[in-house]
Amino acid sequence: MSLLPSSILPLLLLCLLITPSIAFPKRKPAQQQHSFLQCLSDHSETTAIPFSRTFFTPDSSNFSTVLNSTAQNLRYLLPSVLKPVFIFTPLQVSHIQAAVICSKKLNINLRIRSGGHDYEGLSYASKTESSFLILDLSKLRAVYDIDITSKTAWVQAGATIGEAYYRIAEKSRTHGFPAGLCGAYGGMMRKYGLGADNVVDALIVDAKGKLLDRKAMGEDVFWAIRGGAGGSFGVIVAWKLKWQQVADKLDDDLFIRVIITTGRIGNGQSLFKTYFKAKSDFVRDPIPETGLEGIWKRFLQEDSPFTIWNPLGGQMARISESAIPFPHRKGNAFMIQWLTYWQDGESSAAKHMDWMRKLHNYMTPYVSMMPRASYVNYRDLDLGMNKGGNTSFIEASAWGTSYFKGNFNKLVQIKTKFDPENFFRHEQSIPPLPVSMRKRKRRGGVGYH
């Protein structure tokens, strides 16, 4: 599948085509909760769902505990931030299928949470939807079908990295999986690439509630879900991972990263489960000494600045930019995560956010450009947002090309085919093409080369 031709862009700029959303009457939270429970019961395949252990409303005594359980950024737990009308924690795959069918039927936006890593809280908060539910997969954490011969294992979406590593280690002391730091990258990425480069199958529930494996979903969708904006295509139930041999050599086997902060940071505080703002950059050429001096100067102006510089190269550079949606391969020397955090909530948020944006602006001459690249697992809403059910291809291109470069257009094409009604959506989900452009494509007036 090829990319959108450049000739389309002027037309898009002129038309500012918007994907329409269908308006339904909004129910009150209590009505939504009751209707959802009834719908779940109607679509339960065999035994009844134990709602006392799986369904939590704001009136539940443990609602806040469940909501906060894996939320990392406290900015999105403030009282001013919209909370879900309820949280559903499925115990088996059929529960997920029923939840998708029912949330679509009742027109309730679905937010999917597994590890809660999302830097901008999009798996448990919303800036654009009037109401939403959280589908929390934390109880689906099995690691199964561990096969020594094929060096593969299935890992459900709610499992932690530690649980996956532990179960693999039970079978083999000389194998591991290249993930474990932030999202898809870890200490073995220079040797074996990203975690997403080592996924060989997956199970996904689509917008119709169907459970699909790699063969059933097709190669395009399998390509898209390995790093192409989580929550855009469906609910990932499990991944089939390919193990790798763990060696004791250096060169490609060596992973080094630089962590820079100031003497004021620390005091036993966690960098997460706090209020924070993060951004990211990819660097292609060495940063000159004058550029580094400017960073140190700005770090001394902030209370708790923090940055991690991760080297790339090795296998990361040998894998094609288009192998999976993650495109930051050959030519990138290292990736930077910028982060500032604070403890006093909204009272000083503006100050720290302003510092982060000024630092990011300062770094412009020293990092990648056209586009200025960012890492999707360090999500940054400053790059732009979808507006609720209405998603604009033009507006989404601002952040889409930053995260995915040329792969963004292919992601849009796959989204248009796999989820044309844009059921799976959030502030930075992949948008489908506008209906009018799909009609032109069918008529042959505007199409893909």
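The expected span of a helix is 1.5 Å times one less than its number of residues. Keep that in mind for this predicted model, where helix α2 covers residues 29–42.

Which residues of α2 are buried? They are Gln-32, Gln-33, Phe-36, Cys-39 and Leu-40. Because these residues cover an arc of only 135 degrees around the axis, they sit on the same side of α2. On the face turned away from the buried side, α2 carries the exposed residues Ala-30, His-34 and Asp-42.

| Element | Residues |
|---|---|
| α3 | 51–54 |
| β2 | 55–56 |
| β3 | 86–88 |
| α5 | 93–105 |
| β5 | 132–136 |

Next comes a hairpin. Strands β6 (residues 143–147) and β7 (residues 152–156) run antiparallel and are joined by three bridges. Asp-147 stands opposite Thr-152 in β7. Four residues lie between the two strands, and Lys-151 takes a positive phi near 60 degrees in this hairpin.

Finally, let's visit Thr-340, which lies in strand β16 (residues 334–342). Is Thr-340 buried or exposed? Its relative accessibility is 0%, so Thr-340 counts as buried. The side chains of Thr-340 and Glu-302 are joined by a polar contact of 2.5 Å. Beyond its neighbours within four places in sequence, Thr-340 is in contact with residues including Tyr-275, Phe-276, His-352 and Trp-355.

Conventions: Residues are numbered from 1 along each chain as its sequence is written. This is a predicted model: local features need pLDDT of at least 70, side-chain atom pairs count only at pLDDT 80 or more; totals for chains, interfaces and linings use all residues. Side-chain values use heavy atoms; hydrogens and water are left out. Buried means under 20% relative accessible area, exposed over 50%, partly exposed in between (1.4 Å probe, protein chains only). The arc is that of the directions from the helix axis to the C-beta atoms. Contact means heavy atoms within 4.5 Å. Two strands pair if DSSP finds at least two bridges between them. A polar contact is a pair of N or O atoms within 3.5 Å; within protein, one must be able to donate a hydrogen and the other to accept it, and residues adjacent in sequence count only if both atoms are side-chain atoms.
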